[in-house]
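Subject: Structure for your files

Hello,

Here is the structure we talked about passing on. My notes follow below it.

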Amino acid sequence: MTFFEHLDALRPHLVRGALAIVIVGLVAFFCKSLIIDTILFGPKDADFPTNRMLVWVGGEWAHIAAWLNDTLGTSFDADPAAFSIGGDRFSVINTSLSGQFNLHMKISLMAGIALAMPYVLWEFWRFVRPALTPKEIAGTNWFVFCVSLCFFSGLLFGYFVMVPLSINFFANYHVSDAIVNMIDISDYLSTVIVVSMACAFMFELPLLIYFLTRMGIVSAGFLRKYRRHAFVVLLVLAAIITPPDIFSLVLVILPLYGLYELSIKLAARIERKQSRERLPEEATEGRPERQTAKL
């Protein structure tokens, strides 16, 4: 097939993927109460599961600090309110005439892209499938499922862990009691969306390593050799998407480094599998052909 014939074959897959995003986006547009009030404004609510956990952590830390002060004579200042977030910490405002409508459209589009991602990936796999061999098809049958699983796992991690920690840190941080936090709605929602999507894409690391190993670009030995360098890179990435406190940084770097170690094990498994597949081929190629003597 020529280049333009490939484009003609790709066009219906792109159209169906775009229609899926539009349809899901329209559904999200009409479900604005669920999407905006319940989901996007959930992390700033005191009843959010992560915020309730932070309140419990603050109470336990206050008990530990009180025991240390009484036993060791230390002077730890443990205020449980520092771990809690409530509606009185900051107000969300809109400063643009068309701000709420534009945000509604943006949120609907992002919801359409995120929720329709499995179908879009399936359409992409359907386009690539005719060019694959039966062996390659068997190895990519779980492509859509694995990519979607990693994507939504990262999305949930960002939403339930990183977003509440970010909001809690910046809402509780103040340089003067005379300053009242009045957060612009676009700034708040951008924080929620960007942090959640960043975690979703970072959780695709094992699959990226999987395909790079299959193509022979990286190896398990290469990943082990540059493990320290990778840790520094992951640490920088974690510092970018987290608020500037050590607690949030540790919560992010631990799963990211765990994903890197999982990628090493995955790369080693792929290499062992490829070596087992090459052994019969090499044995067949090295076998001397029988010569038939003619009388």
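How many salt bridges does a search of the whole structure find? The search finds 4. Please keep in mind that this is a predicted model.

Salt bridges

One of them joins the side chains of R11 and D8, at 3.1 Å from N to O. Both residues belong to helix 1 and sit 3 residues apart, which is about one turn of the helix. R11 has a relative accessible area of 47%, so it is partly exposed. D8 is partly exposed too, at 42%.

Another salt bridge brings together the side chains of R16 and E123, with an N to O distance of 3.0 Å. This pair connects distant parts of the chain, since R16 is in helix 1 and E123 is in helix 5 (residues 117-128), 107 residues apart. R16 is partly exposed, with a relative accessibility of 30%. E123, in contrast, has a relative accessible area of 1% and is therefore buried, the cut-off for buried being under 20%.

The side chains of R227 and E261 also meet in a salt bridge, at 2.8 Å from N to O. Here again distant parts of the chain are linked: R227 lies in helix 11 and E261 in helix 12 (residues 246-286), 34 residues apart. Relative accessibility is 27% for R227, which counts as partly exposed. For E261 the value is 22%, and this residue counts as partly exposed as well.

Some of the salt bridges share partners, and these join R16, E123 and R126 into one network.

Helix packing

How do helix 1 (residues 3-30) and helix 4 (residues 99-115) lie, and at what angle do their axes cross? The axes come within 7 Å of each other and cross at roughly 130 degrees. Angles over 145 degrees would count as roughly antiparallel, and 65 to 115 as roughly perpendicular; helix 1 and helix 4 are therefore oblique to each other. The crossing of helix 1 past helix 4 is right-handed.

Surface

There is a nonpolar patch on the surface, formed by F231, V232, V233, L235, V236, L237 and I240. Together these residues have about 590 Å² of accessible area. V236, one of the patch residues, is found in helix 11 (residues 227-241). Its relative accessible area is 46%, so V236 is partly exposed.

Regards

Technical notes: Residues are numbered from 1 along each chain as its sequence is written. This is a predicted model: local features need pLDDT of at least 70, side-chain atom pairs count only at pLDDT 80 or more; totals for chains, interfaces and linings use all residues. Side-chain values use heavy atoms; hydrogens and water are left out. Patches are made of residues with over 30% relative accessible area and no salt bridge: like charges are joined within 9 Å, nonpolar side chains (Val, Leu, Ile, Met, Phe, Trp, Tyr) within 5 Å. Accessible areas come from the Shrake-Rupley method with a 1.4 Å probe; for residues, only the protein chains shown count as cover. Helices (H or I, at least four residues) and strands (E, at least two) are DSSP runs, numbered from the N terminus. Buried means under 20% relative accessible area, exposed over 50%, partly exposed in between (1.4 Å probe, protein chains only). Axes are lines fitted to C-alpha atoms, for helices over the stretch in contact, and angles run from 0 to 180 degrees between N-to-C directions. Angles under 35 degrees count as roughly parallel, over 145 as roughly antiparallel, 65 to 115 as roughly perpendicular and the rest as oblique. A crossing is left-handed if the near helix is turned anticlockwise from the far one by less than a right angle, and right-handed if clockwise.
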